[in-house]
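Reader: I have a new structure to learn. Please take me through it, step by step.

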Amino acid sequence: MAVNNISSMPVRKYKRETSEVSGCLKYMIFGFNVLFWLLGLGILTVGVWAWSEKDTFNNLGKVANVALDPAFVLICIGTVTFVIGFTGCVGALRENTCLLAAYAIFLSILLLLEMTAGILGFIFKDWIKSQATAGFQTFIIHYREDPDQQNLIDWIQEDWLQCCGIEGPKDWDRNNYFNCSSRDIGSREACGVPFSCCKRKPNEIIKNKQCGYDVRKPGFPGERHIFERGCLRAGEEWIESNLVPVAGVTVGIMVLQNFDVSKIVNEKGCIQAAEEWIERNMITLTTCGIFILFAQ
């Protein structure tokens with residue numbers, strides 16, 4: 001009789017919690033990576049569109065240096081951002097361990113590359129300067145041949161660094177259109193510089209595209225209204241003056257990339273999670289301290 005009473009008692013069913021990641025963190029990572037997914041898709045689309053407009057896909061030989069081509073750089077950045085955003089977005093939403101593992105591996109590789117680039121940047125500054133000089137020389141030589149490189153160098157000279165040439169305006173002799181000897185073949189730009197080298201006049205609305213004509217010609221009448229500082233020195237000064245903000249952004253990106261979502265579970269307390277976060281980000285925090293020391 002007692003056995004019958006026990007067997008007739010209702011059995012409570014407990015729902016087993018299958019999610020190992022907190023809901024708040026799950027959808028925060030999902031939303032964050034959706035933005036990166038769409039951003040990567042947009043950058044990739046712009047890069048592919050730029051190459052198709054230049055008909056580069058049918059004639060890759062026309063690209064003087066693929067690594068320095070802005071459209072190719074956009075394609076690479078867009079592809080990497082798209083893949084990482086996809087794995088993080090779908091992996092967090094579906095709690096797929098394979099995608100989350102791939103997401104963590106991608107971010108770890110990026111973190112390692114960023115730290116390596118930062119360390120090598122301080123050690124091999126002269127080599128980086130020589131590579132930057134060689135790249136800028138390529139931009140100057142092919143200034144009229146690639147509209148993307150032309151727009152890039154105009155933006156660097158006019159808007160970003162406000163400079164002209166590598167060491168100065170004389171570097172534009174490397175370009176066939178601006179070389180002083182090109183006067184013999186009828187180039188109107190001979191002994192001149194691009195308009196992006198010209199200093200912007202107060203209240204100037206429409207940019208004078210011919211402001212750089214003849215400014216390097218001996219006996220040029222009037223005061224030269226172009227930037228005399230080279231872009232290499234201007235870039236060094238920009239890095240020195242913006243070292244702290246650049247370091248802050250870099251370290252912030254490192255912290256986000258090193259944020260391992262697969263180990264944040266519901267049962268973990270805040271103190272334990274904070275301790276583990278500090279242990280995982282010890283290298284990042286040390287790097288931040290090194291940057292601050294260099295800035296001081």
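Author: Helices (H or I, at least four residues) and strands (E, at least two) are DSSP runs, numbered from the N terminus. This is a predicted model, where local features need pLDDT of at least 70, side-chain atom pairs count only at pLDDT 80 or more, and totals for chains, interfaces and linings use all residues. Residues are numbered from 1 along each chain as its sequence is written, and side-chain values use heavy atoms, with hydrogens and water left out.

Reader: What share of the 296 residues counts as buried?

Author: 33% of the 296 residues do. Buried means under 20% relative accessible area, exposed over 50%, and partly exposed in between (1.4 Å probe, protein chains only).

Reader: Back to α5. Which of its residues are buried?

Author: Thr 133, Gly 135, Phe 136, Thr 138, Phe 139 and Ile 140. These buried residues of α5 pack against α6 and α7.

Reader: How do α5 and α6 pack?

Author: At an angle of about 115°, with axes 9 Å apart. Axes are lines fitted to C-alpha atoms, for helices over the stretch in contact, and angles run from 0 to 180 degrees between N-to-C directions.

Reader: Which residues meet there?

Author: From α5, Phe 136, Thr 138, Phe 139 and Ile 140; from α6, Gln 149, Leu 152, Ile 153 and Ile 156. Contact means heavy atoms within 4.5 Å. By class, this contact of α5 with α6 has six nonpolar, two polar and no charged residues. Ala, Val, Leu, Ile, Met, Phe, Trp, Tyr, Cys and Pro count as nonpolar, Asp, Glu, Lys and Arg as charged, and the others, Gly among them, as polar.

Reader: What about Gln 137? What does it touch?

Author: Gln 137 is partly exposed, at 23% relative accessible area. Not counting residues up to four places away in sequence, Gln 137 touches Ile 166 and Arg 174. Gln 137 and Ile 166 are 29 residues apart in sequence, but 7.5 Å apart in space, C-alpha to C-alpha.

Reader: New topic: α4. How many residues does α4 have?

Author: Helix α4 runs over residues 97-123, which makes 27 residues. It reaches 39 Å, close to the 39 Å expected. The buried residues of α4 are Leu 100, Tyr 103, Leu 107, Leu 111 and Met 115.

Reader: What happens at the start of α4?

Author: A side-chain oxygen of Asn 96 reaches to within 2.9 Å of the backbone nitrogen of Cys 98.

Reader: Where do the axes of α3 and α4 stand to each other?

Author: They come within 8 Å and cross at roughly 145°. The contact of α3 with α4 has 10 nonpolar, three polar and no charged residues. Among the residues that meet are Val 83, Ile 84 and Thr 87 in α3, and Leu 99, Leu 100 and Tyr 103 in α4.

Reader: Is Thr 87 buried or exposed?

Author: Thr 87 counts as buried, at 5% relative accessibility. Its side chain reaches the backbone oxygen of Ile 84 at 2.9 Å. Leaving aside neighbours within four places in sequence, Thr 87 is in contact with Ala 92, Leu 99, Tyr 103 and Phe 106.

Reader: And how far apart are Leu 100 and Thr 87?

Author: They are 13 residues apart in sequence and 6.7 Å apart in space, C-alpha to C-alpha. Leu 100 is buried as well, at 14%.

Reader: Last one. Where does Cys 191 lie?

Author: In the loop between α6 and α7. Cys 191 has a positive phi of about 60°, although it is not a glycine. Cys 191 is buried, with a relative accessible area of 0%. Asp 214 lies in the loop between α6 and α7 too. Its phi is near 65°, a positive value in a residue other than glycine. Asp 214 is buried, at 16%.

Conventions. The expected span of a helix is 1.5 Å times one less than its number of residues. A polar contact is a pair of N or O atoms within 3.5 Å; within protein, one must be able to donate a hydrogen and the other to accept it, and residues adjacent in sequence count only if both atoms are side-chain atoms.
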